[in-house]
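Work through the exercises below with the sequence and the model open side by side.

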Amino acid sequence: MNLADQPVLLTGASGTIGRLLARRLTALGWTLRLTDLLPFPDEVPPGVTFRQADLQDREAVAALAEGCGLILHFGGVSVEHPFETIAGPNLAGCFHVWEAARMAGARIVFASSNHVFGFYPRDVRLDEADPMRPDGFYGLSKAYGELLGRLYWDKHGVESVLVRIGSVLPEPVEARMLSTWFSPDDLVSLLQCCATAPAIGCATIWGASANTRSFWGRDDRDRIGWAPRDSADRWEERLSPLVTDDPVAEHHQGGRFASIDYSRTDKPPAVTASRKR
Ligand code: 15L
C-alpha cells in the first residue's frame, strides 16, 4: 500500500516547510495538490497543482481533499500570536481539514508542535502520553488539533499521525536545537512511512532527529516503521555556548515561546527526580 499513489493534499505549501516538502516529495514522484492562503512563491513543479484557499473556507478545503488518500496538514499560523489571530486558521481550519479527510476517506499527517509541551522544564524527558503543557495560544491550538485527530479516529475511524515537530532547519543554529532539531531528510522519510504504513490508527510521533540531548522519548514510531537517521550531536561543541540571556526561555523546552507575555514572578517549581533525564 502506498497512499502517495493517489493525489496528496499539502496545506501550508507556501511556508518554509511546505516549500521544502513540495520540492522533495515531487522529486520522489508524489502527485501533490498544493494549497495556501498566500501565493506559492516558487515555480509550481510539473504535474503539481496549486490553489490559493483559506482554511476557514470549509467547502474549499473539502473540494481540495476530494480523491486524496493522504493529507499533509502543515497550514495555519505557525508561531505565537494573539488568540484572535490563531483561532480561525488553527481551530476552525483544523476542523475543516479533518472533516474533509472524513469525507474523502483520507489519512492525515498533522504538523503539531513541540510547543504543545513547551512549559515542561528542559531536564525532563517526555513520553508520548505525558500531559500537554502548551506554552502559548499557538501551542494550545496545536493541542486542539491533536485532540481532533483523536476524536476523528475514535468516532469516525479517520487515521492520523500527529507529529510534534521540533525545529526543522537545514542544520541546528543554537543550543536548544541540539535537543529539538528535525532534519529535512528525517521529516521526508517520516512522511514516506506515513504513506506506506498499513494501519496506524491515531499515532503520535516526536518530530525530531536522533539527538542525544532530546527532550523526548517513547512514541508510536515502531507502528509506522520509522526511525530518524540524522542527529544534531555533531554540532554540540559549536552550539552549546549559543544560549539566550532569558532565564524563562532557557528553563523551558519551548524556549522563547514560553517567555512571550510571561507574567509569573515566582520561581518555576523544581523537577521531581524520577522525571529527570
Ligand atoms: C514551531 O512550532 C514553529 O513553527 C517554528 O517556527 C519554530 O519556532 C519551532 O517550533 C521551534 O520550536 O524551534
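The model is predicted, and local features need pLDDT of at least 70, side-chain atom pairs count only at pLDDT 80 or more, while totals for chains, interfaces and linings use all residues. Residues are numbered from 1 along each chain as its sequence is written, and side-chain values use heavy atoms, with hydrogens and water left out.

**Exercise 1. Describe the largest pocket and its lining.**

Step 1. On a 1 Å grid over the protein atoms alone, a pocket is an open set of points with protein on both sides within 12 Å along at least five of seven lines, whereas a cavity is a set of points where a 1.4 Å probe fits but cannot get out; lining residues have an atom within 4 Å of a point. A volume is the space filled by probe spheres set on the points, which are joined across faces, edges and corners.

Step 2. The largest pocket holds about 1100 Å³ of space, and among its 47 lining residues Ile17, Val77, Ser78, Val79 and Tyr138 lie nearest the centre.

Step 3. Elements that each supply at least two residues of this lining include α1 (16–27), β5 (107–113) and α4 (137–156), where helices (H or I, at least four residues) and strands (E, at least two) are DSSP runs numbered from the N terminus.

Step 4. Sorted by class, the lining of the largest pocket comprises 20 nonpolar, 19 polar and eight charged residues; Ala, Val, Leu, Ile, Met, Phe, Trp, Tyr, Cys and Pro count as nonpolar, Asp, Glu, Lys and Arg as charged, and the others, Gly among them, as polar.

**Exercise 2. How many cavities of 30 Å³ or more does the structure hold, and what lines them?**

Step 1. There are two such cavities.

**Exercise 3. Why does the count of disulfides come to zero?**

Step 1. A disulfide is a pair of cysteine sulfur atoms within 2.5 Å.

Step 2. The closest cysteine sulfur to that of Cys94 is in Cys202, at 13 Å, which is too far for a bond. For Cys193 the closest is in Cys194, at 7.0 Å, again too far.

Step 3. By this rule the count is zero.

**Exercise 4. Is Trp206 buried or exposed, and in which strand does it lie?**

Step 1. Buried means under 20% relative accessible area, exposed over 50%, and partly exposed in between (1.4 Å probe, protein chains only).

Step 2. Trp206 has 2% relative accessibility and is therefore buried; its place is in strand β9 (residues 202–207).

Step 3. The C-alpha atoms of Trp206 and Ser112 are separated by 9.4 Å, although these residues are 94 apart along the chain.
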